[in-house]
Amino acid sequence: MRLPKMLRATAVATAAALAFTACAGSTDETTDETTDETSTEGEGEGTDGEMEDMDLALVDEGKLTLCSEIPYAPFEIENEDGTFSGFDIDLMAAIADHLELELVVLNTGFDAITSGTAMAAGDCDIAASAITITEEREANIDFSDPYFDADQSLLVKADSGIATLEDLEGKTLGVQSGTTGEAYANENVGEGVSVQSFESGADLFVALEAGTIDAVLQDLPVNVERAQQDDTLTVSSTFPTGEQYGFAVQEEGKEALLEAVNKALAELRSDGSYDTIYGTYFTA
């Protein structure tokens, strides 16, 4: 698989190979130099140069501009050299390659993505930020076909004695605002548990380490990644929720782009590129 060009500091890490079985066991895991021009075989015909930029209604000609909240490892990672990588970023880079477009990554707040304001304002063409497909969000944005399955989980300090939500009685649980993790916490924790919301996912880990909160409830792959990096932390519970992630576009006006992205995603699953990218970030 070729690596696509990136604008700004958005180079993407190359895919390796391992498999993540702790998360989303049925991820439907089927699944670069590029040019700035695409040839056309007719409107709405798909990938690999079969659409002109004008058909895709892109923010910038020849470029696929992506909004994503970074960091949110292993989906979004900011590297030491200022470039971006991660499962979402690499997968979107491969999709851009199929569309013969140059990928540009913008670090954007999660609320601006899920509300659709970032796309409506013309900041980006598409968003990839571990976004769970929900009916509420579909009122403001349109989603691609699902590309990842995920559950929720509880991350705690290894010596905390906290194993389940019931153990949080009289303690504080941290969640990220506007996420399905926040919704799950509000629906499932007892009255004696204080739920504290944070704007950024990265702030949750800072608060947990500082002792401001006693646990973090959020997407399983993210908590697993953190526990692998810090042996003082552990994932004590997993909550099957059957969530699926999708790429997000503006509700109206991006139909051709959404169709092209779905076709590219299907091709990446078919030719094994999805599995290669998946294996880079998810290990048992």
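Strand 1 and strand 5 (residues 126-127) pair in the parallel sense over 2 bridges; here two strands count as paired if DSSP finds at least two bridges between them. Within this pairing, Cys 67 stands opposite Ala 127 of strand 5. Helices (H or I, at least four residues) and strands (E, at least two) are DSSP runs, numbered from the N terminus. The structure is a predicted model, in which local features need pLDDT of at least 70 and side-chain atom pairs count only at pLDDT 80 or more, while totals for chains, interfaces and linings use all residues. Residues are numbered from 1 along each chain as its sequence is written, and side-chain values use heavy atoms, with hydrogens and water left out.

Strand 1 also has a partner in strand 4 (residues 102-107), and these two pair in the parallel sense over 6 bridges. Lys 63, for instance, has Glu 102 of strand 4 as its bridge partner. How many of the 6 residues of strand 1 (residues 63-68) are buried? The count is 5, so strand 1 is largely enclosed by the rest of the structure. Buried means under 20% relative accessible area, exposed over 50%, and partly exposed in between (1.4 Å probe, protein chains only).

As a rule, most peptide bonds are trans, and most residues other than glycine have a negative phi.

Ala 57, in the loop between helix 1 (53-56) and strand 1, is not a glycine, yet its phi is positive, near 55°. Ala 57 has 34% relative accessibility and therefore counts as partly exposed. Glu 100 sits in the loop between helix 2 and strand 4 and has a positive phi of about 55°, although it is not a glycine. With a relative accessibility of 26%, Glu 100 counts as partly exposed.

Attention now turns to a pair of helices. Helix 2 (residues 87-98) packs against helix 9 (residues 273-281) at an angle of about 160°, and their axes are 9 Å apart. That makes helix 2 roughly antiparallel to helix 9. Axes are lines fitted to C-alpha atoms, for helices over the stretch in contact, and angles run from 0 to 180 degrees between N-to-C directions; angles under 35 degrees count as roughly parallel, over 145 as roughly antiparallel, 65 to 115 as roughly perpendicular and the rest as oblique. On the helix 2 side, the contact (heavy atoms within 4.5 Å) is made by Phe 87, Asp 90, Leu 91 and Ala 94, and on the helix 9 side by Tyr 274, Ile 277, Tyr 278 and Tyr 281.

Finally, an open sheet of 5 strands runs in the order 9-8-10-7-11, with mixed pairing. Its edge strands, each pairing on one side only, are strand 9 (194-198) and strand 11 (233-245). From one strand to the next, the twist averages 25°. Strand 8 (residues 172-176) pairs with strand 9 in the parallel sense over 5 bridges, and Gly 174 has Gln 196 of strand 9 as its bridge partner.
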